[in-house]
Amino acid sequence: MKSIIASLLLLSIFIAAPTARAYSTMDINFNLGPSLSQSGGISDLGEPNINTGFEFNYFFRENHGIGFSYSNEFDFNGSRKFPGIDNGSISTFDLHYAYRHFFTPKFHVLFEPGFGWQTLYDESGDYYWYYAYYDDLSTALIFDYKLMARFILKEWDKDEGSTGSFYLGAGVQQIFSFDDSLNGKDISGNRLAMLFQIGFGF
């Protein structure tokens, strides 16, 4: 019963919290963070270390928008099931809905559920002027989401209805892949990463 009451109180705060009067209609974000965990067949590719990426959002209303994002997670160094994987990486592209909620004019959360595809790349062993070429090994459909908390450090042009801003954020990204296989073995699953974000609104 206590947990239900607490949940209702949090929901009422979420709905009733004040929103910013001036807000950015577009933002560009750059993400970087550590890989946290994997589950499913994709864990047989080895353990990645870093997730990097960028994204763009367009807000057609104060709280609602659409966007796209790209991320790259690496290095996958194989396992006993896939010993041939060497410095592998997974590139992900998505189209997403963006919902942001301002708790104060400076602090807000951003939720981005989306869908797209991912491609597994592996270092081929071919070099040209010390640059390693990568072969694409598999492509699969994905569903993903990001959940970020962001704090605005600087704003400008507040009097024009739309404001420019510079902000920092932190949160998570989780990616679910479907019907993915490599060498006849299933590598579908989900990946979870922590993200730190730097971004600009305008």
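User: With which residue does Lys146 form a salt bridge?

Analyst: This is a predicted model, in which local features need pLDDT of at least 70 and side-chain atom pairs count only at pLDDT 80 or more, while totals for chains, interfaces and linings use all residues. Residues are numbered from 1 along each chain as its sequence is written, and side-chain values use heavy atoms, with hydrogens and water left out. A salt bridge requires a side-chain nitrogen of Lys or Arg within 4 Å of a carboxyl oxygen of Asp or Glu. The closest N and O atoms being 3.9 Å apart, the salt-bridge partner of Lys146 is Glu112.

User: How many residues apart are Lys146 and Glu112?

Analyst: Strands (E, at least two residues) and helices (H or I, at least four) are DSSP runs numbered from the N terminus. Lys146 belongs to strand E6 and Glu112 to strand E5, and the pair links distant parts of the chain, with a separation of 34 residues.

User: Is Lys146 buried or exposed?

Analyst: A residue is buried under 20% relative accessible area, exposed over 50%, and partly exposed in between, using a 1.4 Å probe and protein chains only. The relative accessibility of Glu112 is 1%, so this residue counts as buried. At 3%, Lys146 likewise counts as buried.

User: Which residue is linked with Glu112 and Lys146 in a network of salt bridges?

Analyst: By the salt-bridge rule, the count comes to five. Glu112 and Lys146 are part of a network of such bridges, which also includes Glu55.

User: In which strand does the salt-bridge partner of Arg191 lie?

Analyst: The side chains of Arg191 and Glu73 meet in a salt bridge of 2.5 Å, N to O. Arg191 lies in strand E10 (residues 189-201), so the pair ties together parts that are 118 residues apart in sequence, the partner Glu73 being in strand E3 (residues 64-76).

User: What is the relative accessible area of Arg191?

Analyst: Glu73 counts as buried because its relative accessibility is 2%. Arg191 is buried too, its relative accessible area being 2%.

User: With the side chain of which residue does the side chain of Thr92 make a polar contact?

Analyst: Thr92 is in strand E4 (residues 88-102) and is buried at 2% relative accessibility. A polar contact is a pair of N or O atoms within 3.5 Å; within protein, one must be able to donate a hydrogen and the other to accept it, and residues adjacent in sequence count only if both atoms are side-chain atoms. At 3.2 Å, the side chain of Thr92 makes such a contact with that of Arg191.

User: How long is the polar contact that joins the side chains of Asn51 and Gln173?

Analyst: Asn51 is in strand E2 (residues 50-59) and is buried, with a relative accessible area of 2%. Contact means heavy atoms within 4.5 Å, and, leaving aside neighbours within four places in sequence, Asn51 is in contact with residues including Ser71, Glu73 and Gln173. The polar contact between the side chains of Asn51 and Gln173 is 3.5 Å.

User: How many residues has the largest nonpolar core?

Analyst: In soluble globular proteins, nonpolar side chains tend to be buried together. A nonpolar core is a set of buried Ala, Val, Leu, Ile, Met, Phe, Trp, Tyr and Cys residues joined through side-chain atoms within 4.5 Å. The largest one includes Ile42, Phe76, Phe82 and Leu120, and its number of residues is nine.
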